[in-house]
Amino acid sequence: MKGWRYSLLSIAIALCLTVFLLPGSATAQAPVPVSIEAPDEVLEGSDFIASVNVTGVVDFDSCGFDATYDQSIITVTDVTGGQLNGHIIPVNEWHYIPVGPVDTGRIRVAIDMPGMPAPGVSGSGYIAQIHFH
């Protein structure tokens, strides 16, 4: 099988991540560093996972993000939860969002940790894994 080279640029995953703080500052939002960890190379027709990593999160309760990618090369098959400082981070929902160009795909992911006592989870880890084919 022919090998396909993927880098963060060629996958073209762009994230806008906003972390919402818990009550006491309900309207406050704090941006956090986000990175994508994905294989540099995968075989054509194979599956791979890209982790959405975050660093220095404080009082995590919920967030949402969009990811864009070149759907003429890859497709999203699933989005699963992550782990932040030993706490399981569930993905509540994800869905495709239509975008203009035919060769660009976009998904929207919503994460919420209901019942998390204040303060929320702090630390580093990954908040989701995007499964590609």
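I'll start at a turn: in the hairpin of β8 and β9, with two residues between the strands, N85 takes a positive phi near 50°. Helices and strands here are DSSP runs, numbered from the N terminus, with at least four residues of H or I for a helix and at least two of E for a strand.

A word on the source. This is a predicted model, in which local features need pLDDT of at least 70 and side-chain atom pairs count only at pLDDT 80 or more, while totals for chains, interfaces and linings use all residues. Residues are numbered from 1 along each chain as its sequence is written, and side-chain values use heavy atoms, with hydrogens and water left out.

β8 and β9 run antiparallel and are joined by three bridges; two strands count as paired if DSSP finds at least two bridges between them. Within β9, I88 is the bridge partner of Q83, and H87 is the bridge partner of L84. L84 also stands opposite G125 in β12. Between β8 and β12 the pairing is antiparallel, over seven bridges.

Now the sheet. It is open and has five strands, in the order β4-β6-β12-β8-β9, with antiparallel pairing. Which strands stand at the edges? They are β4 (34-37) and β9 (87-89); each has a single partner strand, so one side of each is left without a neighbour in the sheet. From one strand to the next the twist averages 20°, using axes that are lines fitted to C-alpha atoms (for helices over the stretch in contact) and angles from 0 to 180 degrees between N-to-C directions.

Next, the core. A nonpolar core is a set of buried Ala, Val, Leu, Ile, Met, Phe, Trp, Tyr and Cys residues joined through side-chain atoms within 4.5 Å. Buried means under 20% relative accessible area, exposed over 50%, and partly exposed in between, with a 1.4 Å probe and protein chains only. The largest such core has 28 residues, and F60, F65, I111 and I130 touch the most other members. Two or more residues each come from β6 (48-60), β7 (62-70), β8 (76-84), β11 (104-112) and β12 (121-132). β6 gives the largest share, six residues.

Take I130. Beyond its neighbours within four places in sequence, I130 has contacts (heavy atoms within 4.5 Å) with F48, I49, A50, V52, F65, A67, V76, D78, V79 and I107.

Last, F132, in strand β12. Is F132 buried or exposed? Its relative accessible area is 1%, so F132 is buried. F132 and F48 are 84 residues apart in sequence, yet 5.3 Å apart in space, C-alpha to C-alpha.
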